[in-house]
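I opened a new notebook page for this structure and kept my entries in the order in which I looked things up.

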Amino acid sequence: MRIPLIAALAAALTACSLGDIGAVQEQPFPVDSTYTTGQALDDRAHCDAVDWSTMDDDRGRRSVVYTCVLTGASDHFAAERDKQIEEINRRHAHNAAGIEETDQGFDKEIAWILDVSDSGDLFHKEDAELVAKHREFQSLLVQGTATDDQLTDLLRMGRLDESWHEDLDHAFRERDGAQARMQNQSSEQGRAYVRPQLDAANAALSAQMRESARQLAEVVSAAEAKLANDAMAAEAARSAAATERQQRVDELRAKQAEFQQQKPQLLADLEAKRVEAVQAMEERYRDVVATETYQWAVSDAGPQLIYGGYEAVN
């Protein structure tokens with residue numbers, strides 16, 4: 001007698017379930033009362049499949065659930081999956097390129113260091129030119145053939161004070177004046193009178209030139225000493241800079257060698273993360289469907305809609 005009793009209970013439960021679903025399907029559709037809810041929700045063009053079921057919700061209420069599997073959702077999710085995987089691959093390529101650029105960056109920095117000009121070069125070209133010009137004028141002064149224009153040019157180059165030029169310029173004017181007076185004399189008596197003045201002016205000019213040559217020699221000697229000191233300082237600076245550059249190059253090459261040892265593992269780890277991310281994304285979107293779902297609570301007072309919305313489920 002037990003078997004017929006169990007069968008009877010099962011049949012009663014099935015009838016109750018069908019009664020709850022039927023109660024929902026037969027009620028007027030809220031949007032258009034000319035349709036029942038069943039007529040409005042069954043056989044919809046955008047549903048690949050429709051399912052009506054019953055359940056007890058988390059509050060113990062009897063519920064009827066309607067599920068529509070939306071048409072074309074799989075294509076949408078496949079496109080979204082491909083988009084996400086494309087972004088994963090793009091980030092991976094960017095990060096891999098960054099690793100290669102880091103390696104190449106060592107070579108670029110080393111090349112720049114080796115190509116840089118000596119920052120410690122203290123030799124001034126103008127100093128050398130000034131020494132050469134001073135030597136030239138010193139020779140002219142010793143020979144007594146320096147002109148006022150040449151001396152003025154020398155003064156413009158600096159290194160000689162104003163009084164030096166004024167004294168020499170005065171001696172030239174005195175000599176030139178005596179020569180002019182000599183040329184203006186028409187008689188031997190007049191020339192005899194001017195000749196001592198001319199001799200004195202020539203002697204004064206010669207003495208001033210010798211003094212100027214001595215002063216100029218001191219200028220030349222000081223300039224040459226400065227050039228020698230600058231050359232020594234420049235060489236010391238070049239040597240120190242070369243040592244510093246070589247130390248920096250050695251440090252960079254050591255770091256590059258260490259990085260190159262690590263690079264294969266870095267790339268392998270990066271690829272492993274890419275594969276893991278792609279697999280996770282494929283798993284996330286595998287067999288995903290979009291559903292339109294409604295739920296009614298069923299009681300003696302009749303069905304009442306308690307939920308409606310869209311869901312994406314695996």
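How many residues lie between strand 3 and strand 4 in their hairpin? I found six residues between strand 3 and strand 4, and in the turn G302 has a positive phi of about 110°.

Before going further I noted that this is a predicted model, in which local features need pLDDT of at least 70 and side-chain atom pairs count only at pLDDT 80 or more, while totals for chains, interfaces and linings use all residues. Residues are numbered from 1 along each chain as its sequence is written, and side-chain values use heavy atoms, with hydrogens and water left out.

**Entry: the strands.** I took helices (H or I, at least four residues) and strands (E, at least two) as DSSP runs, numbered from the N terminus, and I counted two strands as paired if DSSP finds at least two bridges between them. Strand 3 (residues 289-297) pairs with strand 4 (residues 304-313) in the antiparallel sense over nine bridges. Within this pairing I found A290 opposite A312, and Y310 as the bridge partner of E292. Strand 3 also runs antiparallel to strand 2, to which seven bridges join it, and there T293 stands opposite T67. I called a residue buried under 20% relative accessible area, exposed over 50% and partly exposed in between (1.4 Å probe, protein chains only); seven of the nine residues of strand 3 are buried.

**Entry: the disulfide.** I looked for pairs of cysteine sulfur atoms within 2.5 Å, which is the rule for a disulfide, and the count came to one. The partners are C47 and C68, with their sulfur atoms 1.8 Å apart. Because C47 lies in strand 1 (residues 47-56) and C68 in strand 2 (residues 62-70), the pair ties together parts that are 21 residues apart in sequence. The torsion about the S-S bond of C47 and C68 is about -105°, so I recorded this disulfide as left-handed. C47 is buried at a relative accessible area of 12%, and C68 is buried at 0%.

Entry: D43 is exposed, with 79% relative accessibility, whereas R44 is buried, with 19%. Taking contact as heavy atoms within 4.5 Å, and not counting residues up to four places away in sequence, I found that R44 touches Y66, C68 and E292.

Entry: Helix 3 (residues 73-115) has 43 residues and reaches 61 Å from its first C-alpha to its last, close to the 63 Å expected, where the expected span is 1.5 Å times one less than the number of residues. It bends by about 25° at Q104, the bend being the angle between axes fitted to the seven residues ending there and the seven starting there. Among the buried residues of helix 3 I listed D103, F106 and I110. I then looked up Q256, which is in helix 7 (residues 188-285) and is buried at 9% relative accessibility. Leaving aside neighbours within four places in sequence, Q256 is in contact with D103, F106, D107 and I110.
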